[in-house]
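Hi everyone, thanks for coming.

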Amino acid sequence: MSNNDSYLKDIFKISVSSTELNLPNKKQFFNKLMKESETEGRQASNVTGYQSNNLDIKDPIYRDFIHGVESQAKQLARDINIVDNLVVENFWLNINYFKDSNSVHCHPGGVFSGVYYVKVPEHSGDIVFMNPTHDYMDFYWHNFIIKGFNNYNGTEFNVVPYTDQLLIFPSWLKHYVKPNLNHELRLSISFNLGVKDERPL
């Protein structure tokens with residue numbers, strides 16, 4: 001084996017981008033979202049709790065949010081060598097109250113998806129990403145085989161969110177949200193990004 005060879009080669013990788021997004025109009029942004037929460041919502045991945053319909057992408061109050069998301073998504077796209085002409089196609093509000101959670105799901109049709117955490121009390125629900133080989137690994141690699149979980153043998157990856165955190169990940173990556181164990185509400189915005197030329201009018 002030459003000096004340039006490595007015994008352990010990582011042949012497939014999945015990247016999740018995490019950064020902090022500080023909005024200059026955070027107070028007005030939050031108040032706007034609370035007004036949105038008074039409208040009729042929809043049932044999607046939310047087991048209980050509130051999920052809005054798609055918010056108005058042309059509303060000026062969301063301009064800084066959209067710009068921040070698109071800037072970070074373009075950077076992630078360049079880092080993993082895919083096209084970076086990505087735009088936010090849609091976004092919506094999630095509010096999880098005590099014991100509310102979100103079931104396992106992905107975001108069909110998108111390139112990247114993500115979540116921006118507007119208000120996150122402690123113990124209000126971690127987001128959990130699932131290894132695409134989750135079912136196979138559970139079948140072939142039982143817990144008694146694995147000595148300690150890591151990025152090579154784990155079927156799930158847990159992220160403890162914080163206020164103003166922005167997560168972006170491949171739309172095909174399945175994930176779910178654990179129950180909110182805090183009596184304060186947990187407020188976040190989920191979104192999808194697609195290629196600019198395919199953005200709906």
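Let me start with a question: in the loop between which strands does Lys99 lie? Lys99 lies in the loop between strand 3 and strand 4; helices (H or I, at least four residues) and strands (E, at least two) are DSSP runs, numbered from the N terminus.

Before going further, some housekeeping. This is a predicted model, in which local features need pLDDT of at least 70 and side-chain atom pairs count only at pLDDT 80 or more, while totals for chains, interfaces and linings use all residues. Residues are numbered from 1 along each chain as its sequence is written, and side-chain values use heavy atoms, with hydrogens and water left out.

Back to Lys99, then. Its phi is positive, about 75 degrees, although Lys99 is not a glycine. Most residues other than glycine have a negative phi. Lys99 counts as exposed because its relative accessible area is 56%; the classes are buried under 20%, exposed over 50% and partly exposed in between, with a 1.4 Å probe and protein chains only. There is another such case in His123, with a positive phi of about 55 degrees, and again not a glycine. His123 lies in the loop between strand 5 and strand 6, and is exposed at 61%.

Ser101 lies in the loop between strand 3 and strand 4, and at 12% relative accessibility Ser101 counts as buried. Who are its partners? Leaving aside neighbours within four places in sequence, Ser101 is in contact (heavy atoms within 4.5 Å) with Ser45, Asn46, Val47, Thr48, Asn96, Val177, Lys178 and Pro179. Take Lys178: 77 residues separate Ser101 and Lys178 in sequence, yet their C-alpha atoms are 5.4 Å apart.

Now the sheet. How many strands does the open sheet have? There are 6 strands, in the order 1-8-5-10-3-2, with antiparallel pairing; two strands pair if DSSP finds at least two bridges between them. Strand 1 (17-20) and strand 2 (50-51) are the edge strands, each pairing on one side only. Strand 5 and strand 10 run antiparallel and are joined by 7 bridges. In that region, Ser113 stands opposite Asn192 in strand 10.

Strand 8 (residues 165-170) is where you'll find Gln165. Gln165 is buried, with a relative accessible area of 3%. Beyond four places in sequence, its contacts are Ser18, Thr19, Val115, Tyr116, Tyr117, Val159 and Val160.

On to the packing. In soluble globular proteins, nonpolar side chains tend to be buried together. By a nonpolar core I mean a set of buried Ala, Val, Leu, Ile, Met, Phe, Trp, Tyr and Cys residues joined through side-chain atoms within 4.5 Å. The largest one here has 29 residues, and Phe29, Leu33, Phe65 and Phe91 touch the most other members. Two or more residues each come from helix 1 (26-36), helix 2 (63-79), strand 3, strand 5, strand 8 and strand 10. Helix 2 gives the largest share, 6 residues. Phe65 is in contact with Leu21, Leu23, Phe29, Phe91, Tyr116, Ile189 and Phe191, leaving aside neighbours within four places in sequence. Apart from this core lies another, of 9 residues, among them Val120, Ile127, Phe129 and Leu167.

Helix 2 also holds Asp64, which is partly exposed at 34%. Asp64 touches Leu23, Pro24 and Asn25, not counting residues up to four places away in sequence.

Last stop: pockets. For us a pocket is an open set of points on a 1 Å grid over the protein atoms alone, where a 1.4 Å probe fits, with protein on both sides within 12 Å along at least five of seven lines; lining residues have an atom within 4 Å of a point. Grid points are joined across faces, edges and corners, and a volume is the space filled by probe spheres set on the points.

The largest pocket holds about 900 Å³ of space. It is lined by 28 residues, and the closest to its centre are Phe12, Lys13, Ile14, Asn131 and Asn151. Strand 7 gives the most to that lining, with 3 residues.

The second largest pocket holds about 250 Å³. Of its 21 lining residues, Ser45, Asn94, His105, His175 and Ser190 are the closest to the centre. Thanks, and I'm happy to chat!
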